[in-house]
Amino acid sequence: MKSTVRGRFITLEGLEGVGKTTNRQCVADWLAECGIEFVVTREPGGTPLGESLRQLVLSAEGQMQGETELLLMAASRVEHVARVIEPALASGRWVLCDRFLDASIAYQGAGRQLGVERVAELHRLMGVTLEPDLTLLLDMPVADGLARMAQRGSPDRIERETLAFFERVREAYLRCAGAAPERVKVVDAAQPLETVQA
Ligand code: Z5A
């Protein structure tokens, strides 16, 4: 009997405006050219409940406790892993995901200053132990990413955060890359798009 080879899990990470969505399409095109079956998805989101949670967490008016924000991100992730990511990988399809746990480490752990270890521990308690096989971290100076975003429509609740918040997020992402260099590959996202994609 033919056994199914487990798919690979690829994530895209980085600050707003670094080009995750743009480059996700490039990776998807490359996988298709290679004849690999894959699923494209995102966080928060990726399931009907996850998309509702995304709407709630990004568009809420006024203040939200950092812990509440973390729990909503994590709730979306639990559903996503169980209903979309794990089944796809088990059936041999690759998964290309716009943001995953590293985003909670960076935004809630460092940006909101809830503590990186606390975020990791919460996920362990919930049984989210899945790690990407490859993470493409698109990195560029915070101000440049925000300038790209300024050309877009009105910012969501998190996009309205301070420069200091985003600097903490960027530093945390770079620390993740330093701690797991075989998994997390840093791409200089300030370069022209063709260079980034190459
Ligand atoms: N969040 C969190 O806090 N905790 C978590 O656990 C998770 C998420 C999972 C939603 O994420 C928010 O949720 C996000 C983090 C938080 N909050 N914020 N703020 P998202 O991924 O959906 O939203 P985003 O980060 O704001 O992504 P985005 O707005 O779609 O940006 P992007 O995908 O990185 O960039 P893009 O849309 O591909 O490109 C932006 C523009 O730059 C566009 O006009 C491109 O044509 C242009 N671009 C791209 N690359 C280049 C190059 N190389 N040169 C020139 N111009 C370029």
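Visitor: Which helix gives the most to the lining of the largest cavity?

Guide: Before the answer, a word on the source: this is a predicted model, in which local features need pLDDT of at least 70 and side-chain atom pairs count only at pLDDT 80 or more, while totals for chains, interfaces and linings use all residues. Residues are numbered from 1 along each chain as its sequence is written, and side-chain values use heavy atoms, with hydrogens and water left out. Rolling a probe the size of a water molecule over the atoms shows where empty space is left. On a 1 Å grid over the protein atoms alone, a cavity is a set of points where a 1.4 Å probe fits but cannot get out, a pocket is an open set with protein on both sides within 12 Å along at least five of seven lines, and lining residues have an atom within 4 Å of a point. Helices are DSSP runs (H or I, at least four residues), as are strands (E, at least two), numbered from the N terminus. Here, helix 6 gives the most to the lining of the largest cavity, with 3 residues.

Visitor: What volume does the largest cavity have, and which residues line the largest cavity?

Guide: A volume is the space filled by probe spheres set on the grid points, which are joined across faces, edges and corners. For the largest cavity this is about 40 Å³, and its lining consists of Leu15, Glu16, Val18, Met140, Pro141, Val142, Gly145, Leu146 and Phe166. In classes (Ala, Val, Leu, Ile, Met, Phe, Trp, Tyr, Cys and Pro nonpolar; Asp, Glu, Lys and Arg charged; the others, Gly among them, polar), that lining has 7 nonpolar, 1 polar and 1 charged residues.

Visitor: Where does the ligand sit?

Guide: A molecule sits in a cavity or pocket if more than half of its atoms lie within 2 Å of its grid points; by that test the ligand sits in the largest pocket, which has a volume of about 690 Å³. Of the 33 residues that line the largest pocket, Glu16, Lys20, Arg54, Asp98 and Arg99 lie nearest its centre. Helix 1 supplies the largest share of this lining, 5 residues.

Visitor: Which residues come nearest to the ligand?

Guide: A residue is near a molecule if one of its heavy atoms lies within 4 Å of it. There are 30 residues around the ligand, of which Glu16, Thr21, Thr22, Arg54 and Arg99 come nearest. Helix 4 gives the most to this shell, with 4 residues, and by class the shell has 13 nonpolar, 7 polar and 10 charged residues.

Visitor: What lies 2.5 Å from an oxygen atom of the ligand?

Guide: A polar contact is a pair of N or O atoms within 3.5 Å. In this case, a polar side-chain atom of arginine 54 lies 2.5 Å from a ligand oxygen, and a side-chain N or O atom of lysine 20 is 2.7 Å from an oxygen atom of the ligand. From glutamine 191, a backbone N or O atom lies 2.9 Å from a nitrogen atom of the ligand.

Conventions:
Polar contact = N/O pair within 3.5 Å; in protein donor to acceptor, adjacent residues only side chain to side chain.
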